[in-house]
Amino acid sequence: MLEDVGIPTVIVAVQAFRRRLETMSVPRALLTPHLMGRPIGRPGDREQQRMVIQAALKLLETADQGGTLIDFKA
Amino acid sequence: MTEETANKETFESFKNSFFYGSRTNLNFKFLEHLPEDEADLFFQGLLKHLGEAYDGADYSHVTAYIIEWQIKGYDKPKGFAYETGPFQALAKPVAESRLGLLTSSGHFVKGEDPEPLGVKNMTQDEATRRVFDFLKEEPQLSSIPIDIPPELMHVRHGGYDICGSERDFNSTLPIQRLRELEKEGAIGELVSPVYSFVGACSQKRLLTKTGPRWIALLQEQNFDAMLLVPV
């Protein structure tokens, strides 16, 4: 809905949500190999969290079509 | 059938009891989605991994194993399905953009409890027990200033295990990581406040009633982009 009003979005979610996000045809999503309830990264793991956010922001800039789902790789 | 046989718990009810049942454990609620033979394999593998962890300091293989099965448990389409979705390209680099953050993590500022279902000071246990009531309700949006002192951050959500979020809110609401990147110039501006709601809510109401209201609110903030974190 945000994209409909001109606001680009990027989703960060755990890989377990892949099928649901595919079904919803979301614009862009970064899928992380983390436990559910910790999509950005392990509690206290500042470096891992930072890398996830950086990858998400890169995806925000580089995706050129809807339905762009990529896997986060550390 | 004797009384003892009649009362014997089946494996199916055992595995399903982790999903809002007698053994509710939100880390393992995916077991309800698995057929019995797969749940059987999961438990056998889990015990094998735990045994292998006895003599080593590295438990990461246990975590990796659980993640693998969480993925299997959720590998089914659910919710709203769309053939195609909208796509809006970013107008300028992230380093020049006003970025917003919205998560379904269930965070709120202490003292500003949204009091879901009209309950004051609802505990996490009650939220978990009443998750099916939450699923009928319209969600409420909590605003969180980006300079919030960590001790004022609170989280409650009956749909997922909040332990990680309690230990470090950045696992689901990465305010501090985003602020660091903003200071370094990688993000133009992290817009305050950021937003959180309980994702276990009426999806229909979210789509038809609440969502449009939130969109109007967010449009007033002139975001160039938003980071969304479904939890």
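**Pocket, helix and loop**

Tutor: The second largest pocket holds about 280 Å³ of space.
Student: Which residues are closest to its centre?
Tutor: Of its 13 lining residues, A:Pro33, A:His34, A:Arg42, B:Thr63 and B:Ile67 are the closest to the centre. The model is predicted: local features need pLDDT of at least 70 and side-chain atom pairs pLDDT 80 or more, while totals for chains, interfaces and linings use all residues. Residues are numbered from 1 along each chain, chains are lettered from A in the order written, and side-chain values use heavy atoms, without hydrogens or water.
Student: What is the class make-up of the lining?
Tutor: The lining has seven nonpolar, four polar and two charged residues. Its largest share, four residues, comes from helix H4 (residues 60-73) of chain B.
Student: Now helix H8 of chain B: which of its residues are buried?
Tutor: In H8 (residues 175-183) they are B:Ile175, B:Arg177, B:Leu178, B:Glu180 and B:Leu181. Buried means under 20% relative accessible area (1.4 Å probe, protein chains only).
Student: What follows H8(B)?
Tutor: B:Gly185 follows, with a positive phi near 90°.
Student: Where is B:Gln221 found?
Tutor: B:Gln221 is in the loop between helix H9 (203-219) and strand S7 (225-229) of chain B.
Student: Why does B:Gln221 count as buried?
Tutor: Because its relative accessible area is 17%.
Student: Which residues does B:Gln221 touch?
Tutor: Leaving out residues up to four places away in sequence, B:Gln221 touches B:Arg98, B:Val191, B:Ser192 and B:Tyr195, where contact means heavy atoms within 4.5 Å.

Technical notes: On a 1 Å grid over the protein atoms alone, a cavity is a set of points where a 1.4 Å probe fits but cannot get out, and a pocket is an open set with protein on both sides within 12 Å along at least five of seven lines; lining residues have an atom within 4 Å of a point. Grid points are joined across faces, edges and corners, and a volume is the space filled by probe spheres set on the points. Helices (H or I, at least four residues) and strands (E, at least two) are DSSP runs, numbered from the N terminus. Ala, Val, Leu, Ile, Met, Phe, Trp, Tyr, Cys and Pro count as nonpolar, Asp, Glu, Lys and Arg as charged, and the others, Gly among them, as polar. Buried means under 20% relative accessible area, exposed over 50%, partly exposed in between (1.4 Å probe, protein chains only).
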